[in-house]
Structure formats: structure tokens, C-alpha cells
Amino acid sequence: MHVKPLSLACLAAVASLAQADHLSPTIEVVGQRPYDHSTLTQPDLQSARDQMARTPGGAHVLDADSYRGGRVATLADSLGFAPGVFVQPRFGAEEARVSIRGSGLQRTFHGRGLKLMQDGVPMNLADGSFDFQAIEALTARYVEVWRGANALQYGASNLGGAINYASPNGRNAAALQARAEAGSYGYRRLQAASGNMAEDVDYYLSASGFQQSGFRRHAEQRTVRLFANIGWQLNPHLESRVYLGHADSDSDLPGSLTRAQLEADPRQAAAGNVSNDQQRDIRWSRISNKTVLRDGAQRYELAAYLSHKRLFHPIFQVLDQRNDDLGLELRYVNEAVWLGRGNRLVLGFAPSYGKTAEDRWLNQGGRRGARSNQSAQRASNLELYLENQHQLSPQLALITGLQAAQARRRLNDQFVAGTPSDRYSESFSRRYQGINPKLGLLHGQPGHSQFYANLSRSFEPPSLSEISGGLYPVNNAAQRANSLEFGTRGRQAGLEWDLSVYHAALRQELLQIATNVVGANITVNADRTVHRGIEAYLGGQHGGLDWRLAGLVNDFRFDGDTLYGNRRLPGIPRLFLRAEGGYRLPYALRLGLNIESAPKAYAVDFADSLQARGYTLYGLKLQQTVGKQTSWFLEGRNLADKRYAATTGVLRDAGGKDSAQFMPGDGRAWYAGLSWQH
């Protein structure tokens, strides 16, 4: 793939940056309007934290300022310190393995197992999958992470929960903002944004561009994104906001290496990926609306969205897809006193529908050869949910919830070769349904120590690619789980903590394995598995010293499997840690040190015969804020130039032999950025 020039005039500066051989500074702008301003459709940061504090389980709100002081290129840059989130980019790219409590455990692309939202409006396709390229973390004011069943109040029924990127609005955004980043391996990123208001109307607009040659060969990437929202306050109790989004992304895929290849030369690309010019190119557009009416203690919310995606994806075959998805979500919230005590009721209804036209061709050097398959695919869902929180006493709340979900997945085979090897139609129609109850207790007050416990059930029908994404369709069942969680969170004496312990018993877990024949992947159901672990976050500040730590203990296993017994599930480290400490120097300078560590080896195959080695990385960051308008940073990553696998594929059984399942992380790299706002 040849990287195309950025297509927006306002991003022309990226081209000149790409010609520089040295680091360039970064840019950003702030006006006199309040930095946080709540509207009916766009809650401010404190409102989001207040809502999180009502949740009887793992939930966290990330202030976007906590990650804007360094490079913001991947989901790991924005979500790396979110408690309970395991996120590792593949190929140093925008695509990543994102997992909460083992959701979508073996997926390193085209995510699943989470409800991804922007401003509370779903961004998933109707079959539950989502694309990382649709997210621009620089456009977020804050990020909400609702782990597991704690996302029920947003209709999520999956094991992992939900992630919501909340945008600025014209009432709190800078009138003009610019940001530029540049660094190693041809990395360049530029963003320009603006927000303003006039009486009852406000707007926010962001245009951003990104490109890099990549640490590895055949790893070039280019992405342009446009995001906007326009809000109308029709009266003090009624507001409607329109959201627009567009992403144009081209990515070369360097592929996976054997462990020996990684240790010898992690910058090389897999030979087959180069000869077949493997790529993932996406054109994505979306329009949505969110309207909120407040009537005393009651709120009525209506969200509707429509998206279109084109995918050109030469891999083991050339996949050519066209997706059209639409959905609706109705929410009713009532916070009226009940039985003389505080109460909050949430009731929601969320139907969605999507269609996919897929053509497959033989891959001839990254170009379409002879047609190999053609299908029309459909996904539809109906979800009805309610959650009620009742104050049994000023210190103790009881939370009850219930969700009913129904899903359908269909495929109409439009290409049957009529040969001995392809005689039959692959058409199918599957129906799935689930009932998911929830019970929880929350003790304590927001802003102080809180303790919580909950018991819940989750339900995840397979996405279309988990049925038909391999060489042939697989009749997969829905994944179900019963989960128990307890923990604590709070802030006291400059210390902030968030600690959850969970245990989930799964039936029919959807696990992806590589066929290791032509590069295709298939998803299968495991009979019984167990996911349990610890999610921890600790942060604080004392004088000029600030620090934060996010850690995971992952214990994911088969449960009495006839073939694998109680072996651990492959594809994720058992221990994972990110930590950062900073010290404030004179002239508003901050010097920070950071560590990322997966200290123990972990399995790459279900038979535990091949392992990825543990690793520890060190980084350094220098930041400064100059006045109220300008800031800059200089950042070094992987300073010891460690050779390691950032993530891996997964095999059924490697037989103890080395296999091309390892995706190298970036080597030593330096980045600089400058932001300015007015």
C-alpha cells in the first residue's frame, strides 16, 4: 500500500512534518469559557464522576488531561491507566487487543465483547463488533469505563462492559485549538479544533490527521478524521444535539513473526504479508442525534444513529465489505423520592439493525483475483433493560436490574461454486436470546470510601465474523456468564484508589484460534471456562510528587475441559502493570518516569506448549505548561530498546514448535508535541 497524502487542506502541515528528520514540537488553545460546562446532552466531568460513584462495582472516569501530556496515538495511550482495561496495540497501530475481564480475549483486530460509545450513543455495528479507527481520543473531554454488568444502565449485556468517549461542546471548548506531534518511525499527528456558542446554539469541530512509516517494515499507516457536534437548547428543559463523524484510514499489515524472528530482527515483516500486500483500509461515516427532555426529577432521552463503512482488506483472501447500520435507544430516568428515600430508576429500549454486503476474491499481490465468495449478511437486536437504585439508608444502596435481549444473525450465500469442494450453500439464520438479572449493594458516600458487591449475568451472541469469518461458517452459540464482584474505591488525604475482585463462570465462551494453514481465523465455543482476577488503581500527590499505578491479575482458565483440563487460556499475561511517577520542577516543568511490565511468560496456544516471554519497559517524559495557552512535551519510550511481543495470536496446539504468532512492540522511540489554545 502506498500512503496517500492527507486529504484536508487544514491538515496540510502534516505533509511538511513528514519531511523533517528531527522532532517537531506540538500545538493546543483555551478560551475564557468555563473548562467544564454541563448541558442536558453533554454532562461535565464532575457530573460523570458523580454518576460513577453511584455504581456498585468497577467504574472509572478518566480526565482526558491525564493523557494529553504525551503522545496520543493508540488506545493504549488513552486507556492505559484505566483500571481493569488490558489494551495493547498490534504493529504499533491504532488497532489493538482491548479486553476487560477477558472479553474478546483473543481478538487483536475488529474488537468485540465491549459496548463502545461516543457521548452515550453506541458505535458498535449491529452484530456487536467495532472498529478502533472510529475513535479519536484527542476529541474527548473525558472517558468513562464501566466494567462488566456495571454498564447495564447503558444497555450493555456483555462480559466486558462499556467504554464511552465524551466530547467537548461549544460552551466549554476552546475557541481555537491546535496540536501537533512528531517522532520516531515517521510518526506525525496534527489536530485542529474549534468550539463556540451563540445564544441557544453551540458547536464543536475537530479535524485530525495521522501518518507513520512504522517501526516494522510494511507497517505504513494514514488516517484522517473529522468529528463535530452541534447542540440546540430549545428551552432550559429540552436540548437536541447532532453528532457527525468520518474516518478515512489505510493501514499496511506487517503480520506476525516466529519468536526466533522477533528476537533476531523485530522490524521485519512476515514474507506472506509483503507478497500479498496485506492491508486494512476503512472508510467510515456516521451521523447521530441525542435529544434530552428534563421534567423535574424525570429525564427522557432519545438517541438515533446511522453509519456506513467500506472495508478493503487483502489478507488470506481479499475481503471487500460494505456495512450499513442503524439503531435507536430510548432511556427514561426517574430520580424521584420513593418510600421516603432516594431512588433512581433507569429504563431503556434499544433496537438495532445492520446489513453487510461481502465479496471475497483470491488475493493476487493485494489485488482482487477471481471471485471466491459473495454473501449478504444481516444482524438485528432488541434489548430492553431496567436498573433501580434505592437508598436503604444514607450509607447503603440496593441496586437491582434486569435485561432481556434477542438477537438474530443471517447470511444469504450468493456464490456457490458447484464444485466437489464447494457444493452446498453456506446460508444460515441463527436466533439468540437471554435474560440477565443483576443485584448489587453500595456502601459509603461519593468522594469518600465506598464498598460494593454485585452478582450478575451476561449474554453475548456471536458477531457475524465469529460465525462466517473463517473459510466456512461455524454454528456458534451465544456466550453466557454468571459473575460475582466486590471491591472498594475512594479518595482520602490526597490518595485515590479503585480495587475490584471478580469471578465469572462462563458457558460457551467464544474463543478465536488461527487455523495456521492459509492465515484464516475461526471462532469456536469452549464448554466451560472461568475468568477471575483483580483490577487495581492507586494514585496520589504529595507536594511536588505525583504518581499513579494500574495493575491487573488475570486468571482465565478452562474448567474441567475434556482436552485441556484446567489449563490457563492463552493470549494475555497473568500479571500486567503500568506505573508512572512525576516531580514538579521550577518553571512549571514536570519530569516523569514510567514503567510497563508483563513480568511472567504466558501461553500462546491452548496446549501451553509455546509461550511469549515476559518483559519490562521504561520511559521518560518532560512536560511544561507556559501560561494558560501553550504546553509542550518530550517523551522517550522503551528506552532500553527491549525486543518483546506486545501481543500475540492464539493457536490450538503449537506442538512445542515455534510459530508465527508474535507481534513485536516498538523499539526505542522519541516523541515531541506542542499544543496551543485560545
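Modeller: In this predicted model, Glu466 counts as buried, because its relative accessibility of 2% falls under the 20% limit. Glu466 is part of helix H6, which covers residues 465-468. Apart from residues up to four places away in sequence, Glu466 touches Arg107, Arg112, Asn476, Leu510 and Thr523. Leu549, by contrast, stands 83 residues from Glu466 along the chain, and their C-alpha atoms are separated by 35 Å.

Another acidic residue, Asp265, may be set beside this one. Asp265 counts as partly exposed, at 25% relative accessibility. The position of Asp265 is in the loop that runs between helix H4 (259-264) and helix H5 (271-275). Once neighbours within four places in sequence are left aside, Asp265 is in contact with Arg217, Leu257 and Arg643. Between Asp265 and Tyr185 there are 80 residues in sequence and 16 Å in space, C-alpha to C-alpha.

The chain that holds these residues has six helices and 33 strands. Its radius of gyration is 24 Å, close to the 26 Å that the globule rule gives for 678 residues, so the chain is as compact as a globular protein of that length. Along the principal axes, the C-alpha atoms fill a box of roughly 70 × 60 × 45 Å. Glu466 is buried, and 58% of the 678 residues of the chain count as buried. Among contacts with a separation of 6 or more, 67% are accounted for by residues 24 or more positions apart. The accessible surface of the chain comes to about 26300 Å², with 57% of this belonging to carbon and sulfur atoms. As for charge, the chain has 75 positive and 63 negative charges, whose mean positions are 2 Å apart.

The interior deserves a separate description. In soluble globular proteins, nonpolar side chains tend to be buried together. Here the largest nonpolar core has 32 residues, of which Leu79, Ile163 and Tyr165 touch the most other members. Two or more residues of this core come from each of helix H3 (75-79) and strands S2 (85-89), S3 (96-100), S6 (142-147), S7 (161-166) and S13 (279-295). Beyond its neighbours within four places in sequence, Ile163 has contacts that include Leu79, Ile100, Leu114, Met117 and Val143. Ile163 is also in contact with the charged residues Lys115 and Glu144. A second, separate core contains 20 residues, among them Leu552, Phe558, Tyr564 and Tyr644.

Most residues other than glycine have a negative phi. Leu339, however, has a positive phi, near 55°. Leu339 is placed in the loop between strand S15 (318-334) and strand S16 (343-364). With a relative accessible area of 60%, Leu339 is exposed. Asn638 likewise has a positive phi, near 45°, and its place is in the loop between strand S30 (630-637) and strand S31 (645-648).

Conventions
Residues are numbered from 1 along each chain as its sequence is written. Side-chain values use heavy atoms; hydrogens and water are left out. Helices (H or I, at least four residues) and strands (E, at least two) are DSSP runs, numbered from the N terminus. The radius of gyration is taken over C-alpha atoms; the globule rule is 2.2 Å times the number of residues to the power 0.38. Buried means under 20% relative accessible area, exposed over 50%, partly exposed in between (1.4 Å probe, protein chains only). Contact means heavy atoms within 4.5 Å. Accessible areas come from the Shrake-Rupley method with a 1.4 Å probe; for residues, only the protein chains shown count as cover. Lys and Arg count as positive and Asp and Glu as negative; His and the chain ends are not counted. The place of a charge is taken as NZ of Lys, CZ of Arg, CG of Asp or CD of Glu. A nonpolar core is a set of buried Ala, Val, Leu, Ile, Met, Phe, Trp, Tyr and Cys residues joined through side-chain atoms within 4.5 Å.
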